[in-house]
Amino acid sequence: MGDYEKFKEKVYQLTKIDLSSYKERQMKRRIDSLITKNKIKSYDEYIEAIKKDKKMLDDFVTYLTINVSEFYRNPEQWKLLENEILPYLFEFFGNDLKIWSAACSTGDEPYTLVMLLSKFIPLNKIKVIATDLDRVVLEKAQVGIYDEKSLKGLPKEYITKYFTKVGTRSYQISDEIKKRVEFKQHNLLKDTYPTGCNMIVCRNVMIYFTEEAKAEIYKKFNASLKNDGILFVGSTEQIISPGESGFSTYKSFFYKKAAH
């Protein structure tokens, strides 16, 4: 295949994705299998190919960013969010919450947040910022069509109220929910973070980063949150020493920013 270190540099120049911040063995294996699948023999040849072919470049970024997503993933955590976390946030900060869904993939997560929030406040008062590195998945999120497999864990009340069946096995989310989410492209490793957030949701993404990259991201999340704001992480991503990033454990998978 050739020199992987040089390949990482060229990928960064082309995409601003820093492969050094991802777990190397896992990422290199994924990239090698993708290159082989494209019947390309070396990293240099692959770089030249993705420079010339925009679709191949988009496919590469989508493949790198490992988009596994579904509505209401780990239902018990969403129930905890509904029954304990959101009531706490409303009581502490009032109804005008700033919520950021980071690494939102195809939009399942920010749309779920809007549906949950709508149980507490009118839809026109809700706004969720949703970001991802991958432009292709953001485009899919904005269209808002999902196969029934993505919706299997979602409570039926939401499907009935906010989805329309299209085709035999797909559903489209309603415009009234779509309008409440603002999608933007964002690189967690290099871009400026939103500020003044009351809650940040970033789930099932940190597992792909090195320990150093994780520590840096948690510190930036902390700076993005208001004092006593909440960070909601994925079910395999408990923060071992939350105090080092300025957090305390509030509930399992929910961390509160400690007041300075």
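Modeller: A definition first: angles between axes under 35 degrees count as roughly parallel, over 145 as roughly antiparallel, 65 to 115 as roughly perpendicular and the rest as oblique. This is a predicted model, where local features need pLDDT of at least 70 and side-chain atom pairs pLDDT 80 or more, while totals for chains, interfaces and linings use all residues. Residues are numbered from 1 along each chain as its sequence is written, and side-chain values use heavy atoms, leaving out hydrogens and water.

Colleague: OK, at roughly what angle do the axes of H1 and helix H2 cross?

Modeller: Tyr-4, Glu-5, Phe-7 and Lys-8 of H1 meet Glu-24, Met-27, Lys-28 and Ile-31 of H2 (residues 24–37); contact means heavy atoms within 4.5 Å. The axes (lines fitted to C-alpha atoms over the stretch in contact, with N-to-C angles from 0 to 180 degrees) come within 13 Å. H1 and H2 are roughly perpendicular to each other, because their axes cross at roughly 80°.

Colleague: And which residues of H3 make the contact with H1?

Modeller: H1 (residues 4–15) and H3 (residues 43–52) have axes that come within 10 Å and cross at roughly 10°, so H1 is roughly parallel to H3. H1 brings Tyr-4, Phe-7, Lys-10, Val-11 and Leu-14 to that contact. Facing them from H3 are Tyr-43, Asp-44, Tyr-46, Ile-47, Ile-50 and Lys-51.

Colleague: Which residues of H7 are buried?

Modeller: Take buried as under 20% relative accessible area, exposed as over 50% and partly exposed as in between (1.4 Å probe, protein chains only). In H7 (residues 135–143), the buried ones are Val-137, Leu-138 and Ala-141.

Colleague: Is Phe-163 buried or exposed?

Modeller: Phe-163 belongs to strand S4 (residues 163–166). Leaving out residues up to four places away in sequence, Phe-163 touches Phe-71, Met-115, Tyr-146, Leu-151, Leu-154, Tyr-158, Tyr-171, Gln-172 and Ile-173. At 8% relative accessibility, Phe-163 counts as buried.

Colleague: What about Glu-82, what is its relative accessibility?

Modeller: Glu-82 is part of helix H5 (residues 75–93). Setting aside neighbours within four places in sequence, Glu-82 is in contact with Tyr-72, Pro-87, Leu-116, Lys-119, Phe-120 and Tyr-158. Glu-82 counts as buried because its relative accessibility is 17%.

Colleague: Where is Tyr-72?

Modeller: Tyr-72 is buried, with a relative accessible area of 5%. Its phi is positive, near 60°, though Tyr-72 is not a glycine. You'll find Tyr-72 in the loop between helix H4 (54–64) and H5.

Colleague: Last one: is Lys-39 buried or exposed?

Modeller: Lys-39 has a positive phi too, about 60°, although it is not a glycine. Most residues other than glycine have a negative phi. Lys-39 lies in the loop between H2 and H3, and at 71% relative accessibility Lys-39 counts as exposed.

Conventions. Helix = DSSP H or I, 4+ residues; strand = E, 2+ residues; numbered from the N terminus.
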